[in-house]
Amino acid sequence: SNQPMIAPSILSADFARLATELDAVKGADWVHVDVMDAHFVPNLTLGLPVVESLLKATDIPLDCHLMIEDPDRWAIGYAEAGAHNVTVHAEAAHDPIKVAKDLRAAGAKAGLSIKPGTPFDQYVEVLKHYDTLLVMSVEPGFGGQKFITEVLEKARAARNLVDTGHLNLIVEIDGGINTATIEQAAEAGVDCFVAGSAVYGAEDPARAIEALRSQAAP
Ligand code: DX5
Ligand code: ZN
């Protein structure tokens, strides 16, 4: 892992002022967009029409995290719209290798996410087709939850396979990241850190990003 990447999650932003909220995080590497369908997770957020508008409102690459059922059908639309990275859930995808191929063919990076209870090992072959692995460190659905330390073992295993040349992935973590938890995640070899409440709950989101980045730096 090189320079730590910080991806603020607009789930904790003010949805009535999204363009302003994007301007508030100019130093972000990616902006993380949580798409929830009230089926894969017990919450509902936003979908493709909002993402299309966000793409017009910012130059920061969008990292779309699809917490939805049947991503085999819906994910490609986000890639075609211009999302930089589109992440689907391993638990939801019927044919994850085909999803990755579709996303890449549409010009996006392909991401695979695993929930806290989902083992990493069984996805190693599938991950050869992916660009990012999103390790969930809370149960997906809501911001502001407590970091689950146990998932770091999966980040470490992924880091190992990347460092030994078996996989070529950005290792990303999502959930409960703040200045206290980010250090252990960085030590486990995470490249990209999603943070919702730690950024948008802060007085100054831009400074919160820099605080996270320096805490994550080796
Ligand atoms: C949870 C989402 C996260 C969420 C993280 O399902 O995937 O991206 O925004 O929020 P915090 O950083 O507050 O845990
Ligand atoms: Zn997310």
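**A parallel sheet, its edge strand and a bound ligand**

Student: Where does helix α9 lie?

Tutor: In this predicted model, helix α9 (residues 205–216) lies across β1 and β8. The helix runs at about 145° to β1.

Student: What about helix α4, which strands does that one lie across?

Tutor: Helix α4 (residues 96–105) lies across β4 (85–89) and β5 (109–114). Its direction makes an angle of about 145° with β5.

Student: In what order do the strands of the sheet come?

Tutor: The sheet is open and has 8 strands, in the order β1-β8-β7-β6-β5-β4-β3-β2, with parallel pairing. From one strand to the next, the twist averages 25°.

Student: Which strands stand at the edges?

Tutor: Those are β1 (5–8) and β2. Each has a single partner strand, so one side of each is left without a neighbour in the sheet.

Student: Let us stay with β2. How many bridges does it form with β3?

Tutor: β2 and β3 (residues 62–67) pair in the parallel sense over 6 bridges. Within this pairing, Asp34 stands opposite His65, and Met36 stands opposite Met67.

Student: Is β2 mostly covered or uncovered?

Tutor: It is mostly covered, as 6 of its 6 residues are buried. On one side are Val31, Val33 and Val35, and on the other are His32, Asp34 and Met36.

Student: Changing topic: which residues does the UniProt "binding site" annotation cover?

Tutor: The unreviewed UniProt entry gives that annotation to His32, Asp34, His65 and Asp174. They span 143 residues in sequence, yet no two of their C-alpha atoms are more than 10.5 Å apart, so they gather at one spot.

Student: Is His65 buried or exposed?

Tutor: His65, which is found in strand β3, counts as buried because it has 27 C-beta neighbours inside 10 Å. Not counting residues up to four places away in sequence, His65 touches several residues, including His32, Asp34 and Asp174.

Student: And where is Asp174?

Tutor: Asp174 is in strand β7 (residues 170–174). Asp174 is also buried, because 25 other C-beta atoms lie within 10 Å. Apart from its neighbours within four places in sequence, Asp174 is in contact with His65, Leu134, Met136, Ser137 and Val194.

Student: Now the ligand. Which residues come nearest to ligand 1?

Tutor: There are 22 residues around ligand 1, and Ser9, Leu11, Gly143, Gly196 and Ser197 come nearest. The shell divides into 8 nonpolar, 12 polar and 2 charged residues.

Student: Which elements each supply at least two residues of that shell?

Tutor: They are β2 (31–36), β8 (192–195) and α8 (197–200).

Student: Why does Ala38 count as partly exposed?

Tutor: Ala38 has 13 C-beta neighbours inside 10 Å, and so it counts as partly exposed. A residue needs 20 or more to be buried, and 12 or fewer to be exposed.

Student: How far apart are Ala38 and Thr164?

Tutor: Their C-alpha atoms are separated by 39 Å. Along the chain, Ala38 and Thr164 are 126 residues apart.

Terms used: Residues numbered from 1 in each chain as written. Chains lettered and ligands numbered in written order. Predicted model: local features only at pLDDT ≥ 70, side-chain atom pairs only at ≥ 80, totals over all residues. Near = placed C-beta within 6 Å. Helix = DSSP H or I, 4+ residues; strand = E, 2+ residues; numbered from the N terminus. Nonpolar A, V, L, I, M, F, W, Y, C, P; charged D, E, K, R; others polar. Pairing = 2+ DSSP bridges. Axes fitted to C-alpha atoms, helices over the stretch in contact; angles between N-to-C directions. Contact = placed C-beta atoms within 7 Å. UniProt positions renumbered as here; feature names shortened; annotations may be inferred.
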